[in-house]
Amino acid sequence: MSQPGRDRSVNVTDGALLKPLIVLSLPIVLTNLLQVGYNLADTFWVGRIGQPAVSALSFSWAIVFLVISLSLGFSIAGTVLVAQNKGAGNTDRVGHVAGQTITLVVAVSILFSIVGYLLAPTLLQLVGAVPETTEYGMALDYTQTMFLGIPFVFSFFVFQSLLQGWGDTRTPLYLMGLGVGLNVIADPFFILGFQDNVLFAWVGLEPLEAALFDLTGFTGFGVQGAAIATILTRGIGAAIGIWLLLSGRVGITLARADFLPERETITKIFRIGAPASLEVSTKALSVTILTALVAITSVEAVAAYGIGTRVTSMVVLPALGLARGVETVVGQNLGANQRDRAVAGVRAAIGLIVAAFAVFSVIVYVFAGPIMDIFVTGTGSAAVIAVGTEYLEIVGVTYVFLGVFYVIQGGFRGSGRTRLALLFAFVGYIVLRSLLAYLFAVPLALGATGIWYGEAASNVLMAAAVGAYFLRGTWTGRVVDDDAGKSTPGPVDGVDQPSESTPETD
């Protein structure tokens, strides 16, 4: 339930639609931009060490990103249920759904943390890291350290998703800004220590650096330092976020009983969240598969792919932000039985993303080389820049199609059709992308260049597939009842509504 003067949620169920969609989505875009800022800051400072360190980070992120993605699905379930309950007027159920989502996500995160830490050596070998090499040793330290901090990362994401479902996207933005600011400050010290730390040179404090080194002898933790800095700053953000929810300062009010597992609600979150987790993780799994494929060509290509995917992740942030905004718009409007308005929200988002990404593609293509040059120096940097430039030039021209895919998938998720979204993501990322990349790279002997062409071709085909299904209009529906106390809703306007226990009816 909301508290007067403290609820920052955006009204998306009444009045004009385009402006509320932008107001809701823009903070998500900025939040995602800051999220990428975490990764780019790590890549930038690790890049001061040289190619082996950047390659190690690429190997590690192929795994860590996959595991983190698994948590996002359960957070998305929280977004959908909070949004549809709010749209249906079931505000008394919002706190309960939020508490149950937090309980489930924290439990899952602890399990992933333990399993991931133990399996890290094996997982790194599966993505192409060679044991006893410098890259492998660095990657193992980073990966295991990140797994120890997974609960903090998961906790922040669930806070962000719950508020998004409520319609408040500004509060998570403020917290993310705080976290990134702290991370940018911490990164150079944890990674480089007090020896050859260019930060001191930039601000003219080399004498201070020398004095600190003489006093401590600290040369940094290298690649592992990036993980330590990320975990510490994530932990601070997660703690503040959970406190805000418990205090009721952000519109959602939680009681202690809301955290006690209730079978029916946990089952519903799992039913919606498990497919969403798998859907989100298909992107990460695709990166993992392609990283292993790229590793066949050269370690320079691995480093280039790692940087290239991070740049792509930053460029597509408007689409990701709009997709999450579409989840809320679709969820709340379907909860309010406003199907046409939900569909109109998706169409509006598609128009916005096509216009924006046409410009982004041109910019990335023209400045591909200078962009790559920012992120790597030292040993092997020239080869990494050359291969990475080619990646951005080939994949960049298909950003429009990738953006359309993201936005329409957000509509499917907002309606609770997470199995449908999973189907398209699996076919697109795992089947099409992996198959095309392999065919171009190996049978056609194009090497890394073939992998880039395979990824670009899959982007086009994925957008065509989801677009065709979206036009059918059979994906609309909802997963909550007007009266949350009933297990089977009665007819509305003479039409039987989907039961809360059956989120998938395509």
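Which helix holds I110? I110 is found in helix α3, where helices (H or I, at least four residues) and strands (E, at least two) are DSSP runs numbered from the N terminus. At 44% relative accessibility, I110 counts as partly exposed; buried means under 20% relative accessible area, exposed means over 50%, and partly exposed lies in between, using a 1.4 Å probe and protein chains only.

Before going further, a word on the model. This is a predicted model in which local features need pLDDT of at least 70 and side-chain atom pairs count only at pLDDT 80 or more, while totals for chains, interfaces and linings use all residues. Residues are numbered from 1 along each chain as its sequence is written, and side-chain values use heavy atoms, with hydrogens and water left out.

**Confidence**

The predictor's confidence in each residue, from 0 to 100, is called pLDDT. Its average over the chain is 83, and 93% of the residues score at least 70. Among the helices, α7 (residues 198–202) has a mean of 79 and α16 a mean of 94. Residues 484–506 stay under 50, and the model has 46 contacts for them beyond four places in sequence; a contact means heavy atoms within 4.5 Å.

**A patch on the surface**

I110 also belongs to a nonpolar surface patch with V106, L111, I114, V115, Y117, L118, L119 and L148, which together have about 810 Å² of accessible area. Such areas come from the Shrake-Rupley method with a 1.4 Å probe, and for residues only the protein chains shown count as cover. Patches are made of residues with over 30% relative accessible area and no salt bridge, with like charges joined within 9 Å and nonpolar side chains (Val, Leu, Ile, Met, Phe, Trp, Tyr) within 5 Å. Helix α3 (residues 91–126) gives the largest share of this patch, eight residues.

**Inside the helices**

For a contrast, look at S55 in helix α2. S55 counts as buried, at 0% relative accessibility. Leaving aside residues up to four places away in sequence, S55 touches E135, V299, V302 and A303.

Helix α15 (residues 381–396) has 16 residues and should span 22 Å at 1.5 Å a residue; its end C-alpha atoms are 21 Å apart, which agrees. The expected span is 1.5 Å times one less than the number of residues. The buried residues of α15 include S381, V384, Y391 and G396. Among the helices that the buried residues of α15 pack against are α2 (51–87), α11 (299–315) and α18 (447–472).

**Charged pairs**

Side chains of opposite charge can pair when their charged atoms come close. Here a salt bridge is a side-chain nitrogen of Lys or Arg within 4 Å of a carboxyl oxygen of Asp or Glu. The whole structure has five salt bridges, including these:

| Pair | Closest N and O atoms |
|---|---|
| E327 and R324 | 3.0 Å |
| R339 and D340 | 3.4 Å |

R339 is partly exposed, with a relative accessible area of 36%, and D340 is exposed, at 60%. Elsewhere, salt bridges that share partners join E279, R324, E327 and R413 into one network.
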